[in-house]
Amino acid sequence: VVGLEDVGRAMRLVADRVHVVAEGAAGCAVAAALSPVPGARRHRKVVAIVSGGNIDLSRFATLTGAAS
């Protein structure tokens, strides 16, 4: 389980690093992959499916902190 702030940080990371505007569901997958849980379970390879850009840009800006 990841929090909304973690999702926003993950969405911003994806936008900054790979120049993809990801919607919240993709942000959840990335946030979960970046959490300490996979490493604690000794998973060495983790895949997060990032798809869709079905998000209003003003909502994206609010979630990622870009509107501040």
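Mentor: Start with Thr64: its side chain reaches the backbone oxygen of Phe60 at 2.9 Å. Bear in mind that this is a predicted model.

Trainee: Which helix is Thr64 in?

Mentor: Thr64 sits in helix H4, which covers residues 57-64.

Trainee: Is Thr64 buried or exposed?

Mentor: Buried: the relative accessible area of Thr64 is 10%, and the cut-off for buried is under 20%.

Trainee: And what does Thr64 touch, leaving out residues up to four places away in sequence?

Mentor: On that count, Thr64 touches Gly8, Met11 and Arg12.

Trainee: Switching topic. How do the axes of H1 and H2 cross?

Mentor: At roughly 95°, and the axes come within 8 Å. H1 is residues 4-18 and H2 is residues 24-34.

Trainee: So what do we call that arrangement of H1 and H2?

Mentor: Roughly perpendicular, because angles of 65 to 115 degrees count as that.

Trainee: Which residues meet there?

Mentor: From H1, Asp6, Val7, Ala10, Met11, Leu13 and Val14. They meet Gly24, Gly27, Cys28, Val30, Ala31 and Leu34 in H2.

Trainee: How do the residues of that contact divide into nonpolar, polar and charged?

Mentor: The contact of H1 with H2 has 9 nonpolar residues, 2 polar and 1 charged.

Trainee: Last thing, confidence. What is the average pLDDT of the protein chain?

Mentor: The average is 86, and 97% of the residues score at least 70.

Note on methods
Residues numbered from 1 in each chain as written. Predicted model: local features only at pLDDT ≥ 70, side-chain atom pairs only at ≥ 80, totals over all residues. Heavy atoms only, no water. Axes fitted to C-alpha atoms, helices over the stretch in contact; angles between N-to-C directions. Helix = DSSP H or I, 4+ residues; strand = E, 2+ residues; numbered from the N terminus. Parallel < 35°, antiparallel > 145°, perpendicular 65-115°, else oblique. Contact = heavy atoms within 4.5 Å. Nonpolar A, V, L, I, M, F, W, Y, C, P; charged D, E, K, R; others polar. Buried < 20%, exposed > 50% of the residue type's maximum accessible area, 1.4 Å probe, protein only. Polar contact = N/O pair within 3.5 Å; in protein donor to acceptor, adjacent residues only side chain to side chain. pLDDT = per-residue confidence, 0-100.
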